[in-house]
Amino acid sequence: ATLDTWSLSDAPQAGTLRFEAWSFNQPRRLSLSIDGQQIAEWLVAEPTRYEVPLTLTPGQHTIELRSLDPPERPSQTSGGADTRLIAIGVTGVGLR
């Protein structure tokens, strides 16, 4: 997931990035990057709520959450018809 955010202040602003993440079928590594710089990595399995303190300088920023491990197809693990590639689910993303 990629998020674009803007800090409209003239000074750096502190906040907290909050989200919930879980991995499909097996644990996977989740990377958090801001403007292309990795700032955190977790091993994600069951649904877990994350809170990450951030300080953003004035201007536009790109926040990226991505799996560092390959996805799987549900059809290959459960025998169903779902052929989507799935790795990590993310919900409830907010920055305050």
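How many bridges join strand 2 (residues 13-23) to strand 7? The count is 6, and the two strands run antiparallel.

This is a predicted model, in which local features need pLDDT of at least 70, side-chain atom pairs count only at pLDDT 80 or more, and totals for chains, interfaces and linings use all residues. Residues are numbered from 1 along each chain as its sequence is written, and side-chain values use heavy atoms, with hydrogens and water left out.

View 1. Strands are DSSP runs (E, at least two residues), numbered from the N terminus. Two strands pair if DSSP finds at least two bridges between them. Arg18 has its bridge partner, Gly94, in strand 7.

View 2. Strand 1 meets strand 6 (residues 59-67) over 6 bridges in the antiparallel sense. Thr2 is bridged to Glu64 of strand 6.

**View 3. The hairpin of strand 3 and strand 4.** Strand 3 (residues 28-34) pairs with strand 4 (residues 37-44) over 7 bridges, antiparallel. Ser31 finds its bridge partner, Glu41, in strand 4. The hairpin has 2 residues between the strands, and Asp35 takes a positive phi near 55°.

**View 4. The largest pocket.** Its volume is about 160 Å³. A pocket is an open set of points on a 1 Å grid over the protein atoms alone, where a 1.4 Å probe fits, with protein on both sides within 12 Å along at least five of seven lines; lining residues have an atom within 4 Å of a point. The volume is the space filled by probe spheres set on the points. Among the lining residues are Trp6, Gln13, Leu54, Leu56, Leu95 and Arg96. Strand 1, strand 2 and strand 5 are the elements that give two or more residues to the lining. By class, the lining has 6 nonpolar, 5 polar and 1 charged residues.

Definitions and conventions. Helix = DSSP H or I, 4+ residues; strand = E, 2+ residues; numbered from the N terminus. Nonpolar A, V, L, I, M, F, W, Y, C, P; charged D, E, K, R; others polar.
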